[in-house]
Amino acid sequence: MDAVAIVGVGMTQIKRERKADGYPDLVYEASRAALDDAGMSIDQVDNVITVSNDFFDGRTISSMAIQDACGSYDKNVSTVEGDGTFGAFYGLMRILSGSYGTTLVCAHHKGSESQMPLITNAMFDPIYARFLGIDAVTSSALQARAYMEKYGVTEEQCAMVSVKNHGNALKNPVAQLPLELTVEEVMSSPYISDPIKLLDCCPISDGASAVILASGDRAEKITEKAVWVKGVAHCSSAYHLGDRNLYCVCALNEAAKKAYSMAGISEPAQDIDLVELYDAFTYMEPLWLEGLGFCERGEGGNLTASGKTATGGELPVNASGGCLSGNPVLVAGLNRIIECALQVRGDAGEHQVPGVKTALAHGINGPCGQAHCVWILGGEK
Amino acid sequence: MDDWREKQELLVMDGRIKVPYRWFAGEVGTRYLESLRDQGVFLGTRCPQCGIVYHIPRRNCPDCFEECSEWVELGREGTLESYTVVRKHHPQLSVLPLPYGYGIIKLDGADTGFLHLIGEFDEEDLAVGARVEAVFSDAREGNILDVKYFRPTGGVE
């Protein structure tokens with residue numbers, strides 16, 4: 001792959017309700033921050049990818065309402081309806097096409113403006129599943145149970161993920177839910193849909209973020225702190241929940257394998273210094289770590305319990321606090337990329353992990369991680 | 001833009017989007033739902049190449065990409081591959097009184113699981129591998145809720 005780099009990043013603060021900011025306000029704030037970070041003007045942006053979802057926004061072709069806020073007038077602009085990692089993937093492809101030297105990718109979400117269960121219910125098939133009332137939490141509970149039963153992963157091990165990630169968020173100024181928790185507190189939080197309890201769930205959030213990608217030669221002219229895309233891949237699996245073994249992470253395996261091969265990574269646990277993954281629910285962190293090949297199948301719970309995934313451990317996972325500490329849907333995956341880029345640059349502030357040379361960002365799309373997108377980022381071209 | 005917003009009561013426009021849709025079940029879905037409504041029989045389709053029996057039925061095998069032209073009658077009983085008991089849910093999504101369950105159920109004769117409701121259960125009867133049976137609605141209309149829910153039979157696979 002030709003060299004492509006992240007040259008600018010911007011994130012808004014994530015909050016339960018950003019009532020004073022409409023979608024365009026959030027998008028402008030994030031896009032402006034990314035341009036300032038890169039030291040670029042909007043004229044230097046060759047094309048724009050927006051990331052949004054019409055159901056969440058409550059309007060059709062939701063991307064069209066934010067064109068002024070992302071500076072896309074007189075530019076080629078396209079939209080991805082899916083997680084930000086997938087939006088960034090499309091932005092990257094546009095640079096690789098040779099037609100554009102830079103891409104601004106922005107994502108926005110306001111969970112506060114609609115009703116999350118009703119929107120996530122609408123992702124399910126209207127003939128066979130939707131009218132059963134299934135939503136993101138109840139379907140994830142089915143996946144959590146399948147995973148725990150298959151491998152003996154425990155609710156306590158999942159609770160440790162909540163304690164770790166909310167604790168990490170204490171050092172991240174954009175996080176929505178920095179919390180000092182104990183395993184007992186997580187375990188005694190009420191069941192929503194068992195085995196998932198309240199403190200196993202990500203919150204409902206508002207926020208936006210933006211990333212500027214640039215081709216190799218443009219990147220070097222724009223900034224000295226470019227973060228390079230070493231490998232990237234996405235892969236999808238079955239839509240209907242019963243078609244896959246929910247404990248199986250085949251699509252993630254495939255995506256990771258391709259991304260590692262591009263990046264020349266043979267031993268992910270040794271070659272990768274930091275991971276930011278999509279932990280919408282606590283069980284997802286150990287499950288995705290298995291899918292990413294950081295441990296054997298079924299060992300994700302033990303990996304968490306070993307302390308290796310803590311910020312001071314061998315493989316820090318979600319040092320930012322992850323999605324559990326703030327989950328503006330769609331934005332959340334782009335934030336994983338941004339957090340990795342900041343870590344590689346050494347700009348992560350209080351939650352900086354020392355010596356991060358190679359980082360992995362991960363996003364999901366569809367019910368129970370139907371599709372996965374994996375990014376490997378590094379400081380060297 | 002700051003300061004003045006702190007003291008200001010921010011304005012909110014309330015709205016509600018209500019748009020009628022007509023989702024066609026298609027040929028395969030129609031045959032499946034008609035069979036449930038009229039005979040109380042679950043149908044699957046078999047891939048001619050790999051032999052997998054899909055339930056819910058599929059027109060084509062997603063793996064082999066061949067047309068699944070053979071219909072197969074399945075049992076009314078099956079095995080729980082996963083389940084959850086819902087304690088808290090959006091009132092518009094709660095189709096049964098709380099607490100109720102969702103399960104991934106592999107019907108006898110099928111190779112894939114499918115999602116449905118779990119009702120009429122003692123919690124100790126729910127387990128991965130527990131046997132469940134379909135309870136049909138009295139008035140059946142040709143949709144997935146013609147099966148009211150599945151309930152445990154007390155058996156374990």
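Visitor: How many helices and strands does chain B have?
Guide: Chain B comes to two helices and eight strands. Keep in mind that this is a predicted model.

Visitor: What share of chain B counts as buried?
Guide: 32% of the 157 residues of chain B. As for contacts in chain B with a separation of 6 or more, 50% of them are between residues 24 or more positions apart.

Visitor: Let's zoom in on strand β6 of chain B. How many of its residues are buried?
Guide: Five of the five residues in β6(B), residues 114-118, are buried, so the strand is mostly covered.

Visitor: Which strand is joined to β6(B) by five bridges?
Guide: That's β5(B), residues 100-107, and the two run antiparallel. One pair to look for there is I104(B), whose bridge partner in β6(B) is L115(B).

Visitor: What's in the hairpin of β5(B) and β6(B), between the strands?
Guide: Six residues sit between the strands, and G109(B) in this hairpin takes a positive phi near 100°.

Visitor: Is D138(B) buried or exposed?
Guide: Exposed, because D138(B) has 6 C-beta neighbours inside 10 Å, and 12 or fewer counts as exposed. D138(B) is found in the loop between β7 (130-136) and β8 (147-156) of chain B. The C-alpha atom of D138(B) is separated by 8.8 Å from that of K148(B), 10 residues apart along the chain.

Visitor: OK, on to where the chains meet. How many residues does the contact take from each chain?
Guide: Chain B gives 35 residues and chain A gives 33 residues. On the chain B side, the elements giving two or more residues are β4 (77-86), β5 and β6. The largest share comes from β4(B), with six residues.

Visitor: What does the chain B side look like by class?
Guide: The side of chain B that touches chain A has 19 nonpolar, 12 polar and four charged residues.

Visitor: Over to chain A, then. What's the strand order in the open sheet of nine strands?
Guide: The order is β3-β2-β4-β7-β1-β8-β11-β10-β9 in chain A, with mixed pairing. The edge strands are β3 (76-80) and β9 (274-276), and each of these pairs on one side only. Direction ignored, neighbouring strands in this sheet are turned by 25° against each other on average.

Visitor: In which sense do β8 and β11 of chain A pair?
Guide: Antiparallel, over eight bridges, with β8(A) covering residues 227-236 and β11(A) covering residues 371-378. Within that pairing, V229(A) stands opposite L377(A) in β11(A). Helix α9 of chain A, residues 250-263, packs on the sheet and touches β8 and β11. The direction of α9(A) makes about 150° with that of β8(A).

Visitor: Which strands does α3(A) lie across?
Guide: Among them are β1 (4-11), β2 (47-51), β4 (102-110) and β7 (206-215) of chain A. Helix α3(A) runs at about 165° to β4(A).

Visitor: How do α3(A) and α13(A) pack?
Guide: Helix α3 (84-96) and helix α13 (331-345) of chain A pack at about 65°, with their axes 6 Å apart. They are therefore roughly perpendicular to each other.

Visitor: Which residues of α3(A) meet α13(A)?
Guide: From α3(A), G84(A), T85(A), G87(A) and A88(A). Their partners in α13(A) include V331(A), L334(A), R336(A) and I337(A). By class, this contact has five nonpolar, four polar and one charged residues.

Visitor: Last one: why does C340(A) count as buried?
Guide: Because C340(A) has 30 C-beta neighbours inside 10 Å, and the cut-off for buried is 20 or more. C340(A) is found in helix α13 of chain A. Leaving aside neighbours within four places in sequence, C340(A) is in contact with L274(A), E276(A), A359(A), L360(A), A361(A) and L377(A). That L377(A) is the residue standing opposite V229(A).

How values were computed
Residues numbered from 1 in each chain as written. Chains lettered and ligands numbered in written order. Predicted model: local features only at pLDDT ≥ 70, side-chain atom pairs only at ≥ 80, totals over all residues. Axes fitted to C-alpha atoms, helices over the stretch in contact; angles between N-to-C directions. Helix = DSSP H or I, 4+ residues; strand = E, 2+ residues; numbered from the N terminus. Parallel < 35°, antiparallel > 145°, perpendicular 65-115°, else oblique. Contact = placed C-beta atoms within 7 Å. Nonpolar A, V, L, I, M, F, W, Y, C, P; charged D, E, K, R; others polar. Pairing = 2+ DSSP bridges.
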